[in-house]
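Me: I would like to learn how to read helix packing and aromatic pairs in a model. Could you take me through it step by step?

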Amino acid sequence: MKYTKLNFMLSVLGIVIYITDLIVDIWVSVRFFYEGQNVFGILTVSFMLFGTLVVQCFSYSWFKADLKKAGQESQCCFLLLHCLQGGVFTRYWFALKNGYNVAFKNSSKTDNFMEEQIDSHKEVIDRMTDLSMLRLFETYLEGCPQLVLQLYTFLELGQANFSQYAAILVSCCAISWSTVAYQVALRKSLPDKNLLNGFCPKFTYLFYKLFTLLSWKLSIVLLLFLDVKIALFLLLFLWFLGILWAFKKQTQFCASISMEFLYRVVVGFILIFTFFNIKGQNTKCPMFCYYIVRVLATVGILVVFWVSPVSIFNSDYFMSISITIALTLVLGIIFLIVYYGTFHPNRNEETKPDEIDGKITQRDCRMKYFLME
């Protein structure tokens, strides 16, 4: 298990996407306020704050846990950095700094230093895994609602400016990248898991997530046009069901009760948009039920729109959107079946439970020391 030069370049690409996504979101919110669309501007800022505040909470709790394990007290500068929303950037700085040293400067060491090299590679991989999970949280807490909002404003106004096109494109890239990057990083950080190797498995997993997410988000947008109250009630109801599912599975991700409660709330929110395996158990039946409900809900929304005289936007839009929803849903299910039937790393291990999408509770699987030079 090595942290290679390619891994380092992909990590750099990850922070580029992260910064670009942040800049575009700020750009879009400023433009909304400038054009007098205050409601959309407030919603954009609210989604940004919600996502980043949750991420900073998890990041700081991990800093404290790592420092405590290292026998050191939590330092005020770490708390200040997270209050200033700099936790993720701090993690990227140290992860990339150590990653560069491991990938480029230690690559020529001899076998006598192999054990030290393995330890340093593992430390960097663990740091990048923590970062990828934080990015995954932020993507679904902030990126998914943002994408729904941008699609809604685009269809409501009948046109979009360059900033909205950029926001939609960057959001899609961020969601796709963070989802696949975390799946790859998680498996690489856990020695008892098979790696997700090759382009075909990664791209199949990417398209499965991307198409199912796009179909559902467009369905939510249509429901918002039909009735905002109904749409919000449905989303809140699904969020509540997701939280109940997390409590029923009795997740044990965090050391403290309060952070565990927050984690279950986050899991419930993610389950609104995509399936998330929160326990190391076989998930064939829950996943089957999840996507059956997803298909029925999507078809129901389309049927309601077809039979209801809704003239909110051009009918040509509705025809193309309906086709897009149906096509992406079918393609997403096809890629799902192909991935789990052909490319899933555990497909030949029938008695072994699926991997946990959330990190397992063994603390040794995360790095032992944060920010220790």
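This is a predicted model: local features need pLDDT of at least 70, side-chain atom pairs count only at pLDDT 80 or more; totals for chains, interfaces and linings use all residues.

Me: Where do I start with two packed helices?

Reply: Two packed helices are described by the angle between their axes and the distance between the axes. Here, helix α1 (residues 5–34) packs with helix α4 (residues 87–105) at an angle of about 160 degrees, and their axes are 9 Å apart. Because angles over 145 degrees count as roughly antiparallel, α1 is roughly antiparallel to α4. The crossing of α1 and α4 is left-handed.

Me: Which residues make the contact of α1 and α4?

Reply: On the α1 side they include F8, V12, I15, Y18 and L22, and on the α4 side F89, Y92, L96 and F104 are among them. By class, the residues of this contact divide into 13 nonpolar, three polar and one charged.

Me: At what angle do α7 and α10 pack?

Reply: Helix α7 (residues 199–226) and helix α10 (residues 284–307) pack at about 40 degrees, with axes 10 Å apart. That angle makes α7 oblique to α10. The crossing of α7 and α10 is left-handed. Contact residues include Y208, W216 and F225 from α7, together with Y291, R294 and I301 from α10. The contact of α7 with α10 has 13 nonpolar residues, four polar and one charged.

Me: Which residues does UniProt list for "transmembrane region"?

Reply: The unreviewed UniProt entry lists several spans under that name, including residues 12–34 and 205–225. In the model, residues 12–34 are 100% helix and 0% strand, and the end C-alpha atoms lie 33 Å apart. Residues 205–225 are also 100% helix and 0% strand, with end C-alpha atoms 31 Å apart.

Me: How many aromatic pairs does the structure hold, and how do I read one?

Reply: A pair of aromatic rings is described by the distance of the centres and the angle of the planes. The structure holds 28 aromatic pairs. Take F40 and Y152: their ring centres are 6.2 Å apart and the planes stand at 75 degrees, so the pair is edge-to-face. F40 lies in helix α2 (residues 38–69) and Y152 in helix α5 (residues 114–157), so the pair ties together parts 112 residues apart in sequence.

Key: Residues are numbered from 1 along each chain as its sequence is written. Side-chain values use heavy atoms; hydrogens and water are left out. Axes are lines fitted to C-alpha atoms, for helices over the stretch in contact, and angles run from 0 to 180 degrees between N-to-C directions. Helices (H or I, at least four residues) and strands (E, at least two) are DSSP runs, numbered from the N terminus. Angles under 35 degrees count as roughly parallel, over 145 as roughly antiparallel, 65 to 115 as roughly perpendicular and the rest as oblique. A crossing is left-handed if the near helix is turned anticlockwise from the far one by less than a right angle, and right-handed if clockwise. Contact means heavy atoms within 4.5 Å. Ala, Val, Leu, Ile, Met, Phe, Trp, Tyr, Cys and Pro count as nonpolar, Asp, Glu, Lys and Arg as charged, and the others, Gly among them, as polar. UniProt positions are given in the numbering used here, feature names are shortened, and annotations may be inferred rather than shown by experiment. Rings of Phe, Tyr and Trp (its six-membered ring) pair if their centres lie within 6.5 Å; planes under 30 degrees apart count as stacked, over 60 as edge-to-face and the rest as tilted.
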